[in-house]
Amino acid sequence: MRPDRPVDHRPGQAVPVRTGRRPGHGRWYSPANAPRPDGTIELHVRAVPAGTVSHALVYEVRPGELLHVGPPTDTGLRLLAAGVPTDRIHLPDRVSSM
């Protein structure tokens with residue numbers, strides 16, 4: 001995706017994504033790339049049988065179509081390097097929802 005404004009995301013964050021093809025429905029996706037100079041964001045989306053948004057993104061949305069992307073939010077998930085003591089892991093009390 002190429003957002004019209006920069007989306008300053010970090011590892012472990014997710015962005016809410018909506019498409020006009022499914023008004024009132026949205027889904028959280030974690031960017032699959034580090035922030036890029038051109039501002040593009042890569043999402044890996046797998047269509048699931050009952051997935052309203054994922055089905056639309058995989059099978060219906062076309063290049064150039066408008067998607068609504070909200071600000072990034074921490075998911076509470078982190079990847080740690082080997083050897084990091086587990087007493088240094090901080091888990092948030094809750095994760096905000098869309």
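I am working with a predicted model, where local features need pLDDT of at least 70, side-chain atom pairs count only at pLDDT 80 or more, and totals for chains, interfaces and linings use all residues. Residues are numbered from 1 along each chain as its sequence is written, and side-chain values use heavy atoms, with hydrogens and water left out.

Next I looked up burial. Of the 98 residues in the chain, 22% are buried (under 20% relative accessible area; exposed is over 50%, partly exposed in between; 1.4 Å probe, protein chains only).

Then I turned to Pro 71, which sits in the loop between β3 (67-69) and β4 (73-74). Is Pro 71 buried or exposed? Pro 71 counts as exposed because its relative accessibility is 61%. Leaving aside neighbours within four places in sequence, I found Pro 71 in contact with Ala 14, Val 15, Pro 16 and Trp 28 (contact means heavy atoms within 4.5 Å). Gln 13 lies 58 residues from Pro 71 in sequence, yet 9.6 Å away in space, C-alpha to C-alpha.

I also checked contacts in the chain between residues at least 6 apart in sequence: 60% join residues at least 24 apart.

Notes: Helix = DSSP H or I, 4+ residues; strand = E, 2+ residues; numbered from the N terminus.
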